[in-house]
Amino acid sequence: MEVPTQFKRMQELVPEAYRAFLDFDKVAFKDGAIPSKTKELIALGIAQITQCPWCIQAHTGKAAKAGASDAEIAETIFVAMAMAAGAAWSHGGVVLQCLQEHKGA
């Protein structure tokens, strides 16, 4: 899929909403209480969890441009891995509860 082409189409179809999203995104990622580099690393970790290849590509580049080192980016990957494993682990408890409810225990 040619994402840039589709983004352009979105912009043509709903220009006001498209611009509003870009404006919001710009504000959300600017330096504040959390530096933009940290925000980009957070976004990269979330992109790993949501498995969005375009977000991974964009936020890897933005994190590097914001000053993130290769080691910081690599650690972000492992934090995302731990979060995904943790989510599966905690949802295992939901499975066991559902199993108990299914068996009437």
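**Notebook: pocket, helices and cysteines**

I started with the largest pocket: 18 residues line it, and Phe7, Phe21, Leu22, Cys55 and Ala58 are the ones nearest its centre. For the record, a pocket here is an open set of points on a 1 Å grid over the protein atoms alone, where a 1.4 Å probe fits, with protein on both sides within 12 Å along at least five of seven lines; lining residues have an atom within 4 Å of a point.

Before going on, I noted that this is a predicted model: local features need pLDDT of at least 70, side-chain atom pairs count only at pLDDT 80 or more, and totals for chains, interfaces and linings use all residues. Residues are numbered from 1 along each chain as its sequence is written, and side-chain values use heavy atoms, with hydrogens and water left out.

**More on the pocket**

How much space lies in the largest pocket? I got about 480 Å³, where a volume is the space filled by probe spheres set on the grid points, joined across faces, edges and corners. Rolling a probe the size of a water molecule over the atoms shows where empty space is left.

I then checked which helices line the largest pocket: α1 (3-13), α2 (15-29) and α4 each give at least two residues. Helices are DSSP runs (H or I, at least four residues), numbered from the N terminus. By class, I counted 14 nonpolar, two polar and two charged residues in the lining. Nonpolar covers Ala, Val, Leu, Ile, Met, Phe, Trp, Tyr, Cys and Pro; charged covers Asp, Glu, Lys and Arg; polar is the others, Gly among them.

**Cysteines**

I searched the whole structure for disulfides (pairs of cysteine sulfur atoms within 2.5 Å) and found zero. Cys55 is in no disulfide, and its nearest cysteine sulfur, that of Cys52, sits 3.1 Å away. Cys55 is partly exposed, at 31% relative accessible area. The scale I used: buried is under 20%, exposed is over 50%, and partly exposed is in between (1.4 Å probe, protein chains only). Cys98 is partly exposed too, at 43%.

**Helix α5**

Next I looked at α5 (residues 70-103), which has 34 residues and reaches 50 Å from its first C-alpha to its last, close to the 50 Å expected at 1.5 Å a residue. The expected span is 1.5 Å times one less than the number of residues.

Which residues did I find buried in α5? Ile73, Thr76 and Ala80 are. An α-helix has 3.6 residues a turn, so residues three or four places apart point the same way. The buried residues of α5 pack against α3 and α4. Thr76 has 11% relative accessibility, so it counts as buried. Leaving out residues up to four places away in sequence, Thr76 touches Leu41, Leu44 and Gly45; contact means heavy atoms within 4.5 Å. Just after α5, Gly104 has a positive phi of about 75°.

Gln51 sits in the loop between α3 (36-50) and α4 (53-65), and it is exposed at 64% relative accessible area.

Back in α3, I looked up Ile46, which is partly exposed at 49%. Its C-alpha lies 8.8 Å from that of Ile56, 10 residues apart along the chain. Glu12, in helix α1, is partly exposed at 48%. The C-alpha atoms of Glu12 and Pro53 are separated by 24 Å, with the two residues 41 apart along the chain.
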